[in-house]
Every structure is written in structure tokens, then in C-alpha cells.
Amino acid sequence: MSRNNTNSVNNTNSVNNTTASVRTIVDQYQANCARINQMADLCEAEQRTRTEQENAEYEALTRENAVLQMRMQAAAARHMAQNPNALADANRLLRDNMQAGRQTQIMLTRDLVMVADGTSGGIIPLNIQDILDPLTEGLILDKVGLPMPTGLAGDYVWPTYEAVEATIAGEGVELTDTKINMSKLTAQPQRVGVAIPVTRQTIIQTQGIIETIVKRLMPQAVAMLLNKVLFSTTKATGATSLVGPFVGKAATATAMSATPTFADFVKLKAAVLASGVDGTNLCWVMTQAQKAIAEATPKDAGSGIMVCEQDHIAGIPVFCTHYIGEGYIGLGDWRYQPMGLFGDISFIVDPYSQARKDAVDFVLNCNYGTTTLRPEAFALGKVAVDPGK
């Protein structure tokens, strides 16, 4: 055998060993996640906290998963260094499985994406940022400059910021305990899902299935839902704990003029700042139509300056989404509404469910959590109805 052929065989064996190793690690990681979810379901059903024995098991599982995540990241780095065409290989695997009528699973963990071949037990690692970047770019939270943690597990406790204050005491004087309501600082994740049917003809004729469906359409769909959760004044359909800060504020919204004045906006800003938040990540949220009105409303007579100038009102940036609803203007310091992805994201490419329509289902499932750390850090204004309309 020639040296080139020998190198080719060695490279193939190396890739096969890497994928087999990753497959084993992923299987164990998912088994641990399944057990953690099982314990969570049991505690929820029985309306109790974990027992001492369950706590010990939970801590052992989370420690093991932390190690497994590091091993997955290392294995993926080795694989991608040896195989720069991993994305093309993943697309090819997906097409082959679709034509053979086999399901394909695409899993996203904290550090990598994996396209699994259920028949051979193989797995192709990809770069996680290929998927998460389009998702975070669609979120207003990202535009405000806040991180969205991924790979969260268990009872994730958010930072409290200014919620706890130090006290002054004389020498030798015992300090008074500061109590923190931990229930307000944890997020209960909820499942988020989306299914996109694609005809077989489209898949066959279109190059880059993963880029089109998994990297672009599905992250956009999730980002739209998360924006709806964060900025709507009503709960999203099916939401229980996945709720934004403006839900429940509509009934007590601050009255604003039919054409809101600069003074109206300053009044809302002052109400939030008076609550004690420092306003580092304050921003206005309104519809494009409401922003257009502010851009055409003079700040004061004769100045020629409008209420909204260069996408800012009263020194605070303005972001637009139709999810807040016409007539509503929201303001908040978004550090106090953290959001994160719990566990991994799973895509299933299902060639069965839509078989009568000659279509393939791309199905996404993931778990997101959010919590309002300080409700007073958010305010909602309601624009008066113009009597001329």
C-alpha cells in the first residue's frame, strides 16, 4: 500500500475513532440529563424539593456532565481539525438518511453540534456558533448587550445585582443577617418547540439543508418566540413560567398622551430610576409605528429637536418589536430579566410523519428559562386613544 493510501486509511480510522468516542460521551451525557429531568418531574408532581438522596445523585450527575462537556469539546476540536468538511459531511448524512427513510437527530450541547447516524452509531461534530449566533442575533437582549447563557442545568440561580446592601456597624457589633428570597432568583425552564415541513423535492434540489433549515429558519422561529415572551403584555400560548416583565402590568400602565411628549417619557424613566435600579441596561421597547410618531414629535417648541433622535429618547436607546402591542411603550433595565438555555437543543429530521405529503419534518425542541429579578425595574406606558381616529 502506498504512503498516500496508508495516510488516508489512518485518517479515516482516526475520524471513526473520534466519532465513536463522541457518541459514547454524548449517550452518557443524555442519559444523565434524562435522569435529572426524571427527578425534576417527580418533585414537581409531588410538589416537594429534592430529598437528601436525590440531592447527592443530582450533584454527582451535574459534576459528571461538566466533565463530559469538556470531553465533547476536546473531541469535536480534534474532529474538525482532521476533517474541515464536517458541515458537508453532515448534509450528506442527512440526505442519505432521508432517502433511506431513517430519522436523523441533530443535537446542540454547550460546546458543539452533533449530527447523529442512528444506524451506524456514528456522529459528526460541528461548530456550535453556526447555530447559536443566528439565534442570539435575533434577540433584543443581545442588542442591549446582555449575554444569554447556554447549557444551564438544575436550579440555576441568577445574580442579584443591587438587591443586597452592606451595612455600617461599629467595632465588635454583630451584623444583621441579610435575607435573599431565592425563589425569585431561579428560573423554571419550559419547553420551546417548532416543526417545519419541507418537501422531499425541495431537499433533493437544494444544497445546504442544515444552513437553510437548522441555521437560519429554526433559530429565527425561536428568536421570534423568545422576543414575544419577553416583550408581550400577555403570556405566550402555553406559557407558565416562561413569562416576561410586562405581563400583568397592562391594567396599571402609566397613562400617556395620544402623541406622547418628551415629558411623558421622562416621567416613565423617573419612575424606574426612583425604584433604586442604576439603569445601566435601560432601553425603551415600542412598535415601529410608535417610534415613527416620536421621531416626528417636537421635543419643545422652536428647538427643531424631536422626542426621538438617533434612536434614543431621553438618553435611552429605543428598540422596536410588534410583540409589545400597539399603544404600549415599555421601559426596563434588562439585567433584571435574565434568560438562558437549559440543557441542549435537539433537532429531529423525521421522514415519516409527513410521508403522505411527500414531506420531511424538521422538529426542534429545547428548554428556556427566564425570571424577573426586580419587577420595579420595568414600567409600562399606555398611549391614550386619539379622539380623531
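Gly330 finds its bridge partner in Leu380, a residue of β12. The two strands involved here are β9 (residues 328-333) and β12 (residues 378-383), which pair in the antiparallel sense over five bridges. Pairing takes at least two DSSP bridges between two strands. Strands are DSSP runs of E with at least two residues, helices are runs of H or I with at least four, and both are numbered from the N terminus.

A word on the source: this is a predicted model, where local features need pLDDT of at least 70 and side-chain atom pairs count only at pLDDT 80 or more, while totals for chains, interfaces and linings use all residues. Residues are numbered from 1 along each chain as its sequence is written, and side-chain values use heavy atoms, with hydrogens and water left out.

**The sheet**

Zooming out, six strands make an open sheet with mixed pairing, in the order β5-β12-β9-β6-β8-β7. β5 (254-256) and β7 (312-313) stand at the edges with a single partner strand each, so one side of each has no neighbour in the sheet. Helix α8 (residues 262-273) lies across β5, β6 (282-286), β7, β8 (316-320), β9 and β12, and runs at about 130° to β6. For that angle, axes are lines fitted to C-alpha atoms, for helices over the stretch in contact, and the scale runs from 0 to 180 degrees between N-to-C directions.

What does Gln290 touch, leaving out residues up to four places away in sequence? Gln290 touches Pro260, Gly327, Ile329 and Val383, with contact meaning heavy atoms within 4.5 Å. Gln290 belongs to helix α9 (residues 288-295) and is buried, at a relative accessible area of 6%. Buried is under 20% relative accessible area, exposed is over 50%, and partly exposed is in between (1.4 Å probe, protein chains only).

**Rings**

Rings of Phe, Tyr and Trp (its six-membered ring) pair if their centres lie within 6.5 Å; planes under 30 degrees apart are stacked, over 60 edge-to-face, and the rest tilted. That rule gives five aromatic pairs. Phe246 and Phe378 have ring centres 6.2 Å apart and planes at 90°, so they pair edge-to-face. This pair ties together distant parts of the chain, 132 residues apart: Phe246 is in the loop between α7 (209-231) and β5, and Phe378 is in strand β12. Trp334 and Phe378 are also edge-to-face, because their centres are 5.0 Å apart and their planes at 70°. Here the separation is 44 residues, with Trp334 in the loop between β9 and β10 (339-350). Both Phe246 and Phe378 are buried, and Trp334 is buried too. Ring pairs join Phe231, Phe246, Trp334 and Phe378 into a cluster.

Charges sit over rings as well, meaning NZ of Lys or CZ of Arg within 6 Å of the ring centre and within 35 degrees of the ring normal. Arg50 has its charged end over the ring of Tyr58, 3.9 Å from the centre, and Lys299 does likewise over Phe262, at 4.4 Å.

**Salt bridges**

The structure holds seven salt bridges, each a side-chain nitrogen of Lys or Arg within 4 Å of a carboxyl oxygen of Asp or Glu. Some of them:

| Pair | N to O distance |
|---|---|
| Arg48 and Glu46 | 2.5 Å |
| Arg48 and Glu54 | 2.9 Å |
| Glu376 and Arg374 | 2.9 Å |

Salt bridges with shared partners join Glu46, Arg48 and Glu54 into one network. Within it, Arg48 is partly exposed at 27%, Glu46 is partly exposed at 45%, and Glu54 is buried at 9%. As for the other pair, Glu376 is partly exposed at 36%, whereas Arg374 is buried at 12%.
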